[in-house]
Amino acid sequence: MAPSERLAMAVNRVSCLRPLEKFRVMALCPGVDAFADLTKADLERILNRPVEGDTRPGRWYLEAAERDRKGLTRGRFQCTFYWSREYPPQLREIYDPPLLLYYRGNLPDWSEPLVAIVGTRHPTGQARGCSYALAFELAGLGFTTVSGLARGIDAEAHRGSSDGGGRSIAVLGNGVDILFPGSSAGVGRSLLARGGALLSEPPPADPPLARNFPARNRIISGLARTTVVVQAPLRSGALITAEYALEQGRDLVVHRVGTAGERGAGSRSLAEQGA
C-alpha cells in the first residue's frame with residue numbers, strides 16, 4: 001500500500017473532519033510520519049477552527065488504518081481513493097467529494113446511466129410498489145439504481161432492480177462490513193449476488209451513527225445524474241438528498257404517486273417548487 005493511501009485511510013478516520021478538511025490535512029501533512037505526531041493543537045492550527053469532541057494523536061488513527069489495510073488484504077472489502085482510476089468521476093464534480101470510498105461487490109462502469117431512487121422509510125403501500133416497479137423497469141433499460149438500503153422506498157428500489165435483472169448500488173451510513181438495518185440485510189446480499197456494490201465513506205466497523213447519514217445522502221445524489229423522490233414527508237432524509245441533488249446541478253424528479261397525503265407532504269413541496 002502506498003504511503004498516501006495509508007495516510008488517507010487514517011485521515012478519513014478523524015471523525016471531526018469535514019470532507020474538504022480531510023483534503024486540507026492531506027495537503028499540509030508532508031507524510032505519514034508527520035501525521036503520526038499530529039496533536040489536537042496542530043489540527044486546530046491546520047483547520048483554523050476549534051476542534052470539538054475527543055481527538056486522538058495521529059498515531060492512533062494510523063494504527064486503525066493498518067487494521068483496515070488487513071481487511072483489504074484479506075478481501076473482506078476494497079477501497080478506492082479520490083485519485084484512483086476506479087473512483088466515480090461524477091463524485092469529483094461535487095463540492096465536497098469523499099476522500100475515499102470503501103466498497104464490497106463490483107463497481108459499475110461509471111459511464112453507464114445511474115438513477116438515484118429515495119424516499120421515506122414508512123411509505124404507503126402504493127408508493128412502495130411504485131419504487132419497486134420503477135427500479136424494475138429501469139433495470140430493463142440498462143440503468144443502475146442508487147439508493148441507501150434503508151427500509152421502505154430504498155429497499156424496494158434495490159429489490160426491484162435485482163428482480164429486473166439489473167445492478168444497484170447501496171450507499172451506507174456505516175462501515176461497509178455492516179448491513180444496516182437488519183431488515184435490509186437480505187436485500188444487501190441479493191444486490192451483491194446480482195453484481196452490485198455496497199459503498200461507504202465511514203471506515204469499516206463504524207456503527208450507523210446519525211451524523212453519517214446526511215453525508216451519505218450527498219454521495220447518493222452525487223453518483224447519479226437524476227434523483228427520484230418517490231415519497232417523502234416534510235421531515236425526511238430524502239429531502240436532504242433532494243437538496244444535495246439541486247446543489248450538485250443534478251435533475252430532481254418527484255414521483256406523482258408519492259405526493260398525496262401527509263406522507264407525501266415533502267414530495268408535494270418539492271413539486272410546488274418546480275421538481
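## Residue classes and the model

In the classes used here, Ala, Val, Leu, Ile, Met, Phe, Trp, Tyr, Cys and Pro count as nonpolar, Asp, Glu, Lys and Arg count as charged, and the others, Gly among them, count as polar. The structure described with these classes is a predicted model.

## The second largest pocket

Sorted by class, the lining of the second largest pocket comprises eight nonpolar, six polar and four charged residues. This pocket holds about 260 Å³ of space, and of the 18 residues that line it, Arg-121, Arg-216, Ser-236, Gly-237 and Ala-238 lie nearest its centre. Two elements, α9 and α10 (237-247), each give two or more residues to this lining, and the greatest contribution comes from α9, with five residues.

## The largest pocket

The space in the largest pocket amounts to about 500 Å³. Its lining is made up of 25 residues, and those nearest the centre are Val-14, Ser-15, Lys-22, Arg-211 and Asn-212. Here the elements that supply two or more lining residues are α2 (19-28), α5 (58-73) and α9.

Once again α9 gives the most to the lining, in this case with four residues. By class, the lining of the largest pocket divides into 11 nonpolar, five polar and nine charged residues.

## Helix α9

The helix that contributes to both linings, α9, runs over residues 212-223. With its 12 residues, α9 reaches 17 Å from its first C-alpha to its last, which is close to the 16 Å expected at 1.5 Å a residue.

Helix α9 is mostly covered, with 10 of its 12 residues buried. The buried residues of α9 are Asn-212, Phe-213, Arg-216, Asn-217, Arg-218, Ile-219, Ile-220, Ser-221, Gly-222 and Leu-223. Among these buried residues are Asn-212 and Arg-216; Asn-212 is one of the residues nearest the centre of the largest pocket, while Arg-216 is one of those nearest the centre of the second largest pocket.

## Thr-145 in strand β4

Thr-145 is found in strand β4, which covers residues 144-147. Is Thr-145 buried or exposed? Thr-145 counts as buried because its relative accessibility is 0%, and the cut-off for buried is under 20% relative accessible area.

When its neighbours within four places in sequence are left aside, Thr-145 is in contact with Val-115, Ile-117, Ala-135, Ala-157, Ser-161, Arg-167, Ser-168 and Ile-169.

Key. Residues are numbered from 1 along each chain as its sequence is written. This is a predicted model: local features need pLDDT of at least 70, side-chain atom pairs count only at pLDDT 80 or more; totals for chains, interfaces and linings use all residues. Side-chain values use heavy atoms; hydrogens and water are left out. The expected span of a helix is 1.5 Å times one less than its number of residues. Buried means under 20% relative accessible area, exposed over 50%, partly exposed in between (1.4 Å probe, protein chains only). Contact means heavy atoms within 4.5 Å. On a 1 Å grid over the protein atoms alone, a cavity is a set of points where a 1.4 Å probe fits but cannot get out, and a pocket is an open set with protein on both sides within 12 Å along at least five of seven lines; lining residues have an atom within 4 Å of a point. Grid points are joined across faces, edges and corners, and a volume is the space filled by probe spheres set on the points.
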